Amino acid sequence: MKIAIIGGGYVGLVSAACFAEFGVEVCVAETDPARLDRLLAGEMPIYEPGLDALVASNRAAGRLSFTGALAEAIAGVEAVFIAVGTPSRRGGGHADLTYVFAAAEQVLKALDHPVVLVTKSTVPVGTGRKLAALAARLRPDLAVEIASNPEFLREGSAIGDFMRPDRVVVGAETERARAVLRELYRPLNLIETPILMTGLETAELIKYAANAYLAMKVTFINEMADLCEAVGADVHDVSRGMGLDGRIGRKFLHPGPGFGGSCFPKDTLALARIAQDARAPSRLTEAVVAVNEARKAGLGRRIIDFALAAGPAGEDLRGRRIAVLGLAFKPETDDMRDSPAIPAIEALAETGAVIAAYDPAAMSAAKPLLPGTVVYAESALQAIEGADLLVVMTEWNEFRALAPARLAQAMAGRVIVDLRNIFDPAAMRAAGFVYHGVGRGQRPVTADADAYDDDADDDHAVMGRDEKDLADG
């Protein structure tokens with residue numbers, strides 16, 4: 001089987017390499033000359049573990065190719081996948097489908113045979129119907145069938161997610177479209193991967209609903225972490241106690257600075273707008289967006305307060321060295337989109353502090369997004385050398401290996417703000433550090449009668465305040 005993928009970005013490139021590994025002949029059409037040149041030279045335009053080797057082996061086998069000529073890419077193919085960006089539109093949060101429809105129109109005008117046109121990009125509900133109408137208008141002479149095949153790839157483990165997925169979702173309403181997608185994913189039959197066949201609208205909504213639910217779990221445990229700090233509980237034990245319940249599960253219950261990246265921020269916002277437009281508002285999704293944005297916006301103030309509390313009264317942070325380890329929104333990627341590090345470092349830079357940052361993969365991507373005063377180190381140890389304060393933003397494994405004694409030897413100060421909870425608090429305190437994690441309460445709480453009064457009037461008063469805060473936020 002031969003297919004074309006329009007777009008050599010993250011989703012398109014990973015999907016192309018993995019389909020080629022399945023034995024499919026894949027041609028990727030990329031319109032960005034700089035990206036295309038890198039792909040043709042064997043250089044990966046994104047950081048994803050194992051991707052360079054997978055691309056190289058399948059190019060050598062003749063199953064994977066790249067081109068800037070659309071007609072060449074779609075010649076003789078059975079399916080064309082659209083894998084272009086769908087960023088948030090400015091001023092509203094709706095998904096911007098400019099690239100999707102531009103790619104679809106170009107494909108339809110260049111086609112000379114029937115194909116299945118598949119959206120791999122994350123698109124709002126109803127996009128498939130609009131593409132079907134576009135195909136019928138532009139190419140009434142060809143049988144162009146529309147399908148939706150959303151991706152569920154996690155950056156940093158995308159190849160494993162594609163090759164060993166929990167499920168494959170296919171939205172298709174003709175037998176030919178279903179047959180083509182089944183054949184493409186036939187190698188997954190060996191590991192009994194469920195392939196869910198649905199209608200177009202259902203497949204489109206599944207992707208948004210899944211991402212919004214996972215984002216909600218992240219946001220919930222972050223709020224529980226704040227509560228743990230207030231009452232003296234340990235969020236990791238709370239997370240374990242929740243996650244061992246089979247109805248809840250353990251994944252995505254890790255506290256931190258808030259979610260970022262290419263999917264959760266834009267997809268939660270887009271789902272909220274889709275629901276509002278359909279007059280079936282998703283209040284939970286709206287709350288997740290608001291709470292996560294507030295958390296990231298407050299990171300800088302949180303770090304500053306910890307730093308000031310550890311210093312002499314009245315002293316500011318001007319001229320003090322702050323080491324920031326990790327810039328990408330998560331480890332094993334160079335993706336800086338909506339990274340919590342951006343607002344945090346902006347706030348720290350405004351204090352006049354000297355910011356020394358290090359990330360194993362994301363520093364090139366970070367430089368255009370961060371203040372020009374940031375100093376970029378060549379290693380974690382270089383970043384922390386002489387630092388008054390250490391902030392852990394991203395949980396790269398190499399940071400976990402930093403021993404307390406080595407940190408104490410390198411740093412001038414003794415304050416650590418660990419926003420990913422990668423260090424052992426007891427070991428850090430034993431080494432003389434003032435350690436601040438996330439949701440790691442330090443004191444037991446003695447309940448008094450007033451704190452747990454069951455009076456109905458008090459309960460309603462508290463509920464009223466919470467609802468007002470949510471509405472205002």
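**Exercise 1. Surroundings of V100**

Task: Which residues does V100 touch, not counting residues up to four places away in sequence?

Solution. Step 1: In this predicted model, V100 touches I82, V84, T86, S121 and V123, with residues up to four places away in sequence not counted.

Step 1: V100 belongs to helix α5.

Step 2: Check its exposure. The cut-off for a buried residue is a relative accessible area under 20%. V100 has 0%, so V100 is buried.

Step 3: V100 and T202 lie 102 residues apart in sequence, and their C-alpha atoms are 19 Å apart.

**Exercise 2. The loop residue V84**

Task: Where is V84 found, and which residues does V84 touch beyond four places in sequence?

Solution. Step 1: V84 sits in the loop between β4 (79–82) and α5 (98–110).

Step 1: Beyond four places in sequence, V84 touches I6, G7, Y99, V100, A103 and S121.

Step 2: Take one of these contacts, S121. V84 and S121 are 37 residues apart along the chain, with 6.0 Å between their C-alpha atoms.

**Exercise 3. The eight-stranded sheet**

Task: In what order do the eight strands of the open sheet stand, and why is one side of β3 and of β8 left without a neighbour in the sheet?

Solution. Step 1: The order is β3-β2-β1-β4-β5-β6-β7-β8, and the pairing is mixed.

Step 1: β3 (64–67) and β8 (195–198) are at the edges; each has a single partner strand, so one side of each lacks a neighbour in the sheet.

Step 2: From one strand to the next, the twist averages 25°.

Step 3: Follow the pairing from β3. Strand β2 (residues 25–29) pairs with β3 in the parallel sense over four bridges, and C27 has S65 in β3 as its bridge partner. β1 and β2 are also joined in the parallel sense, over five bridges, with I5 opposite V28 in β2.

Step 4: Consider the burial of β1. In this strand (residues 2–6), four of the five residues are buried, so β1 is largely enclosed by the rest of the structure.

**Exercise 4. Helix α11**

Task: How many of the 14 residues of α11 are buried?

Solution. Step 1: Helix α11 (residues 264–277) reaches 20 Å from its first C-alpha to its last, close to the expected 20 Å.

Step 1: Of its 14 residues, 10 are buried, and α11 is mostly covered. Among the buried residues are F264, P265, L271 and I274.

Step 2: The cover over the buried residues of α11 includes α9 and α12.

Step 3: R279 follows α11, and its phi is positive, near 60°.

**Exercise 5. Nonpolar cores and confidence**

Task: Which residues touch the most other members of the largest nonpolar core, and where does pLDDT stay under 50?

Solution. Step 1: The largest nonpolar core has 59 residues, of which L327 and F423 touch the most other members. α14 gives the most to this core, with five residues.

Step 1: Beyond four places in sequence, the contacts of F423 include L390, V392, F399, I416 and Y435.

Step 2: A second, separate core has 44 residues, including M44, L54, V118 and A177.

Step 3: The average pLDDT is 92, and 93% of the residues score at least 70. Over residues 444–473 pLDDT stays under 50, and the model has nine contacts beyond four places in sequence for them. Where pLDDT is low, the predicted coordinates should not be read in detail.

How values were computed:
Residues numbered from 1 in each chain as written. Predicted model: local features only at pLDDT ≥ 70, side-chain atom pairs only at ≥ 80, totals over all residues. Heavy atoms only, no water. pLDDT = per-residue confidence, 0-100. Contact = heavy atoms within 4.5 Å. Helix = DSSP H or I, 4+ residues; strand = E, 2+ residues; numbered from the N terminus. Core = buried A, V, L, I, M, F, W, Y, C linked by side-chain atoms within 4.5 Å. Buried < 20%, exposed > 50% of the residue type's maximum accessible area, 1.4 Å probe, protein only. Pairing = 2+ DSSP bridges. Axes fitted to C-alpha atoms, helices over the stretch in contact; angles between N-to-C directions. Expected span 1.5 Å × (residues − 1).
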